[in-house]
Amino acid sequence: MPPALEAVIFDVDGTIADTERHGHRVAFNQAFERLGLPYRWGEEEYGRLLETPGGEQRLKAYLGAQGLAEEKAAGLAKDLHRLKQAIFVDLMRRGAAPLRAGIDRLLDELAAAGIRVAVATTAGRTWVGELLTTLLGAGRAARFEAVVTGEDVAIRKPGPEVYLIALDRLGCAAASAVAIEDSEVGVAAAKGAGLACLAVRNGYTLHHDFALADLVVEDIGGPGVPATVVANPHGIDVGPMVSVDTLRRLRAAAR
Ligand code: XBP
Ligand code: MG
């Protein structure tokens, strides 16, 4: 018999909340402006820049590509990123990074079923906790038993470390957990750690290769938003919304 579902580990950017297009991207641009730099990241260009996970790493790679020497790029990326994080928190408090449909519903269903939850993200500790509290309320945010961020790992996604640390902190075997991700690198990280993985696409990840995912949907489903299935390689019964039972079936079907 396959192991029971004990825990669900959520990615944050693009999965719990739509943070990138109107949140992080805008904050990066405001940071450039405040430091008097000529760079601005357009919506489409930012989609390509997202291939470098981690805001500071993204900045460093971009500045390097603009011709800055490595040491100069690293120092400027650090300063810009510190500033960008403060700007992002402010934008997020003003609603620039909305919760994705159905996340609050699913969290409540998981709690009612006694299934534990954690976070595994490439993003920074400075804002992740506050985003969870702002979008979900203090009660739901407190249910995340482990919040593992970019600062906790030596190698970011697509490396599996962030998931391995989350599993370790939960004291849960990979075979008893499901990950929810929105991107190709995120799915690779989760599968590399041995978890079953649900992919929830968003505007920036429509073109990603989700061949490793155990189920791909447009949304998990919430009031007025159906869980439109994009790929269902195990042929599981998804239902009108991704529910605890959907995730249990996913866990059982995944290899
Ligand atoms: C998220 C990221 C992050 C965010 C920005 O990836 O790569 O860098 O874009 O956040 P994932 P920070 O959803 O796969 O975890 O600036 O805090 O890094
Ligand atoms: Mg993501």
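Asp245 and Arg248 form a salt bridge, their closest N and O atoms being 3.5 Å apart; the term stands for a side-chain nitrogen of Lys or Arg within 4 Å of a carboxyl oxygen of Asp or Glu. Both residues lie in helix H9 (residues 244-253), 3 residues apart, about one turn of the helix. Helices (H or I, at least four residues) and strands (E, at least two) are DSSP runs numbered from the N terminus. Asp245 is partly exposed at 40% relative accessible area, and Arg248 is partly exposed at 38%. Buried means under 20% relative accessible area, exposed over 50%, and partly exposed in between, with a 1.4 Å probe and protein chains only.

## Basis of the model

This is a predicted model, in which local features need pLDDT of at least 70 and side-chain atom pairs count only at pLDDT 80 or more, while totals for chains, interfaces and linings use all residues. Residues are numbered from 1 along each chain as its sequence is written, chains are lettered from A and ligands numbered from 1 in the order in which they are written, and side-chain values use heavy atoms, with hydrogens and water left out.

## Other salt bridges

The structure holds 18 salt bridges. One of them joins the side chains of Lys60 and Glu70 at 3.4 Å, N to O. This pair links distant parts of the chain, with Lys60 in helix H3 (residues 55-65) and Glu70 in helix H4 (residues 70-93), 10 residues apart. Lys60 is partly exposed at 33% relative accessible area, whereas Glu70 is exposed at 60%.

Lys191 pairs with Asp214 in a salt bridge whose closest N and O atoms are 2.8 Å apart. Lys191 lies in helix H8 and Asp214 in the loop between strand E5 (196-200) and strand E6 (215-217), so the bridge ties together parts that are 23 residues apart in sequence. Asp214 is buried, with a relative accessible area of 3%.

Asp13, in the loop between strand E1 (7-10) and helix H1 (20-34), and Asp182, in the loop between strand E4 (177-181) and helix H8 (184-192), are 169 residues apart. Asp13 counts as buried at 11% relative accessibility, and Asp182 counts as buried at 6%.

## Ligand 1

Of the 18 residues around ligand 1, those that come nearest are Glu20, Gly55, His81, Lys84 and Gly124; the cut-off is a heavy atom within 4 Å. Oxygen atoms of ligand 1 lie 3.2 Å from a backbone N or O atom of Asp13, 2.8 Å from a polar backbone atom of Thr122 and 2.8 Å from a side-chain N or O atom of Trp127. Taken alone, ligand 1 exposes 450 Å², of which the protein buries 96%. Accessible areas come from the Shrake-Rupley method with a 1.4 Å probe; for residues, only the protein chains shown count as cover.

## Surroundings of Arg105

Arg105 lies in helix H5 (residues 103-112) and counts as buried at 16% relative accessibility. A polar atom of the Arg105 side chain lies 3.2 Å from the backbone oxygen of Ile220. Not counting residues up to four places away in sequence, Arg105 touches Ile220, Gly221, Gly222, Met241, Val242 and Ser243, where contact means heavy atoms within 4.5 Å.

Definitions and conventions:
Polar contact = N/O pair within 3.5 Å; in protein donor to acceptor, adjacent residues only side chain to side chain.
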